[in-house]
Protein chains: 2
Amino acid sequence: MQFEVTILGSNGAIPAYDRHPSSQILNYCGNLFLIDCGEGTQFRMNKFGIKRGHLDHIFISHLHGDHYFGLVGLLTSFNLNWREHPLNIYGPPALEEIINTQFKHSLTKLKFEIHFHPVLADIPRIILDNSQMTVETIVLKHRLPTTGFIFREKKNLRKILPEKIQQYAIPFEVINDIKNGADFTDENGRLIANDELTIAPPKPRSYAYCSDTIYTESYLEQINGIDLLYHEATFSEEHAERANETFHSTARQAASIAKAAKVERLIIGHFSARYADLSILLEQSRTVFPETYLAEEGNTFAIDSEVLLQKA
Amino acid sequence: MQFEVTILGSNGAIPAYDRHPSSQILNYCGNLFLIDCGEGTQFRMNKFGIKRGHLDHIFISHLHGDHYFGLVGLLTSFNLNWREHPLNIYGPPALEEIINTQFKHSLTKLKFEIHFHPVLADIPRIILDNSQMTVETIVLKHRLPTTGFIFREKKNLRKILPEKIQQYAIPFEVINDIKNGADFTDENGRLIANDELTIAPPKPRSYAYCSDTIYTESYLEQINGIDLLYHEATFSEEHAERANETFHSTARQAASIAKAAKVERLIIGHFSARYADLSILLEQSRTVFPETYLAEEGNTFAIDSEVLLQKA
């Protein structure tokens, strides 16, 4: 089951060195989730061959422009391309006014519905819950109300062994119960323990997105054991004071969070325009947390306990 | 005296084939004027090495997003880069609300002043008049109130011949009068005609920008004799009906305007995403008006009677 994230934009607020503002595509078995939508996101989707017709959910972390200035352009392109199915947008309440103001003045009548889900940054909340996954918010600490997002795969069913179905002549109608852990009683009244019939499902996978935030341990417990964590790392240690003033994190702080939360792997991003070369950030993070990767644009990261790093 | 326009974005509303929404930089002796500001304009400026510190005037033709969705991002980058000098923005009145709504919700306090000049699309008006040039609006005919812009160089002074200054011992204080056309009386009371002392200045140059509009002859007189005309040509003849329905022009219609207005040269742009290959548009325009060029991104066109086409 495909579960991977592609980096569309990796930079902080000022675009530089052909790095673009924040934007990521999460792909869960072909269903796409857009996380933040900085200016130019639709161009980045084109560049990396993202099929935007499969995008039904957009999550905006906060209202600094480098996290949403590409949204109304993307919605406009959806409309011009005759999208008809509804689109869900999750973001700060005022985002709705921002969208509506622009559509009002362009006399735009959308051909599709937007289901706007206002997201408050007060406490963590489940904002999406479907058969495949849940999405919950993380309360970050930034200059504006800001949330991160955790995408958790639903617990999988146990996997029934095909040869056991044949061996015990298990009828179709009890298969689902067995996948859910039930034992089986055969036609002779013999009880077969579930353990003999099934193997445990793979552990549900999870991805957490934390941008933008000052260093805080307030969400450590919530992201404990996450498979893949994206955490902002705007600055190097040299600029730790600047990070603090602007409510951002350093690469080493991102690594400390990853280590303390015992996550499997860490992607760092939201790089300041002052760094032409990002190796200093990678080094500083790896000193604390070796399994760190740079959010390079076009890279796709599989969310898996056996991680795979792919170049798009 | 440098007077040239660089194409940053050439496409219609849906970005395609690595073509971007409308945006152009006019450079008059190092002073930059931005004409429309589609999404990603700031990236395009970076790509083509445009020094945005020299940009003091931004003109927005209308409130379809492909003509202004890059504006608030550009303003944000100015702010983050510590711009301090004022910026003039000329555009539809509601643009001010659109800008302010976004800055309000990001709690942005700009470090520089924006002088917002609301532009109505009812009659042509001079909206900028300085020592070097005037900018006047053209009333276009589109689905929203829309204006084009004409940039006219001020009439130059006559050029005084250095050898005549020496020959007739012309004192410094009358030089300016002579440049303005006055004759000169020397110390012996002899009248020297201005014609002998000066040569005529070059003809003032002009650039007109017409996007977006349905075919209309209403502004023909206003753009008569323009050196360089940019006119939208969203569609080929095959889609003339679609052009009409959407209040856009075909390449042939743009060429007819250029021909009837006796302009020197024509750039066509605002291409529909349906054309991967633009040669059909160029051919259809050149059939009517041979001096047509495509608004290819990165191209710089000198505004001059001896036109120069440069690749950036």
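**Entry 1: overall size of chain A.** I began with the radius of gyration of chain A in this predicted model. A compact globule of 312 residues would have a radius of gyration near 20 Å, and chain A has 22 Å, which agrees. I then looked up the box filled by the C-alpha atoms of chain A, taken along the principal axes, and noted roughly 75 × 50 × 35 Å.

**Entry 2: what chain A is made of.** I counted nine helices and 19 strands in chain A. Of its 312 residues, 45% count as buried. Looking at contacts in chain A between residues at least 6 apart in sequence, I found that 62% of them join residues at least 24 apart.

**Entry 3: how the two chains are related.** In general, two copies of a chain are related by a rotation about an axis and a shift along it. Here I found that a rotation of 180° with 0.0 Å of shift along the axis superposes chain A on chain B, with an RMSD of 0.1 Å. That is the relation of a two-fold axis.

**Entry 4: a sheet in chain B.** I followed seven strands of chain B that form an open sheet with mixed pairing, in the order β7-β8-β9-β14-β15-β16-β17. Its edge strands are β7 (126-129) and β17 (292-294) of chain B, each of which pairs on one side only. The twist averages 15° from one strand to the next.

I then looked at one end of the sheet in detail. Strand β16 of chain B, residues 265-269, pairs with β17(B) in the parallel sense over three bridges. Within this part I found B:I267 standing opposite B:Y293, a residue of β17(B). Helix α9 of chain B, residues 279-288, lies across β16 and β17 of chain B and runs at about 165° to β17(B).

**Entry 5: the nonpolar core.** In soluble globular proteins, nonpolar side chains tend to be buried together. With that in mind I looked up the largest nonpolar core, which has 134 residues, and noted that A:A208, A:L229, B:A208 and B:L229 have the most contacts inside it. Which residues is B:A208 in contact with, leaving aside its neighbours within four places in sequence? I found B:I138, B:G148, B:I150, B:I223, B:I226, B:L229 and B:Y230.

How values were computed. Residues are numbered from 1 along each chain as its sequence is written. Chains are lettered from A and ligands numbered from 1 in the order in which they are written. This is a predicted model: local features need pLDDT of at least 70, side-chain atom pairs count only at pLDDT 80 or more; totals for chains, interfaces and linings use all residues. Two strands pair if DSSP finds at least two bridges between them. Helices (H or I, at least four residues) and strands (E, at least two) are DSSP runs, numbered from the N terminus. Axes are lines fitted to C-alpha atoms, for helices over the stretch in contact, and angles run from 0 to 180 degrees between N-to-C directions. Two residues are in contact if their C-beta atoms, placed from the backbone, lie within 7 Å. A nonpolar core is a set of buried Ala, Val, Leu, Ile, Met, Phe, Trp, Tyr and Cys residues joined through C-beta atoms within 7 Å. A residue is buried if 20 or more other C-beta atoms lie within 10 Å of its own, exposed if 12 or fewer, and partly exposed in between; C-beta atoms are placed from the backbone. Copies are superposed by least squares on the C-alpha atoms of residues with pLDDT of at least 70 in both. The radius of gyration is taken over C-alpha atoms; the globule rule is 2.2 Å times the number of residues to the power 0.38.
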